[in-house]
Structure formats: structure tokens, C-alpha cells
Amino acid sequence: MDVRNCRQCGRIFNYLSGPPICQVCKEKGDQKFQQVKEYIRENPGSTINQVASENDVTPKQVKQWVREERLQFADDSPVVFQCETCGANIKTGRYCDNCKRSQANTFAKASARPEIPKPEPKKKEKETDKMRHFSG
């Protein structure tokens, strides 16, 4: 059993995986996420700083939810992020659709098993291909 102190509140809890926060703090974080999500839906023109201040979260936390693709800003929103590969403007995640496809293709090619060459079928011997011995 792995017992740790919660990074947010300091309580001792049984750590299983993920960020080292207790269940109570995790539930509070999930409630904040739902609150922020609803705020963005109702106020599509808000900036990240407005979203953060109106919902008592940090701008860093809002950006993290966007990068995790949990939040997405509307197409007409002033909030824009850049693809980490090519720099294209995106509204959620870390990569644009083109770079995601490219990476998926690269991973698929890298993880594919190499094709084992098939042995050539043996030629059927003809009567004329056989060796002959003359005794004389």
C-alpha cells in the first residue's frame, strides 16, 4: 500500500495512480472543471484570464484542461493555441488535425511488423534438366 499526503490539502490518502491528490480534492477539481466548462459554453467570447478569475481557478489550470482536450473554445473565441509541431492555430489539444494524422501514420508504420519475405517456390524439375551419364 502506497500512502501519501495530498498535494493540495495535505491529507494522508492511499495513492493508486495519477496525480498525488486525495479523492476529496479530485472531486472538487472535477466540480471546478464542470463549472469552467459551463462558463465557457455560456460565455464563448471570454479570454482565459476571464474564465480563470470568474471561476476561481488559475489560467494555468484552464490551459492544462485545454491541452488535455477536456475543454474546447468556440471557433469565434479570441482564445487560440498553437500546434506544438507546426504552429497552426488550434482551439483544443496540443496538435492540429494534420499533425495528429501524420503522427498516427508514423506510429502505425513504426509499430507494424516487418513483412517476412516468402521463399520462392521450388521449380518443378523437367526431364531435360536432369544430369545424364554416358557409359561407353
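## How two helices cross

In this predicted model, the axes of helix H2 (residues 48-55) and helix H3 (residues 59-67) come within 8 Å and cross at roughly 115°. Because angles from 65 to 115 degrees count as roughly perpendicular, H2 is described as roughly perpendicular to H3. The crossing of H2 and H3 is also right-handed.

## Where the helices meet

Which residues in H2 and H3 meet? On the H2 side they are Ile48, Asn49, Val51 and Ala52, and on the H3 side they are Pro59, Val62 and Lys63.

## The largest nonpolar core

The largest nonpolar core has 19 residues, and those with the most contacts inside it are Val36, Val51, Val62, Leu71, Phe73 and Phe81. Helix H1 (23-42), H2 and H3 each supply at least two residues of this core, and it is H1 that gives the most, with four residues.

Val62 belongs to the contact of H2 with H3 and is also listed among the core residues with the most contacts. If its neighbours within four places in sequence are left aside, Val62 is in contact with Ile48, Val51, Ala52, Val57, Leu71 and Phe73.

## A separate core

Notes: Residues are numbered from 1 along each chain as its sequence is written. This is a predicted model: local features need pLDDT of at least 70, side-chain atom pairs count only at pLDDT 80 or more; totals for chains, interfaces and linings use all residues. Side-chain values use heavy atoms; hydrogens and water are left out. Axes are lines fitted to C-alpha atoms, for helices over the stretch in contact, and angles run from 0 to 180 degrees between N-to-C directions. Angles under 35 degrees count as roughly parallel, over 145 as roughly antiparallel, 65 to 115 as roughly perpendicular and the rest as oblique. A crossing is left-handed if the near helix is turned anticlockwise from the far one by less than a right angle, and right-handed if clockwise. Contact means heavy atoms within 4.5 Å. A nonpolar core is a set of buried Ala, Val, Leu, Ile, Met, Phe, Trp, Tyr and Cys residues joined through side-chain atoms within 4.5 Å. Buried means under 20% relative accessible area, exposed over 50%, partly exposed in between (1.4 Å probe, protein chains only).
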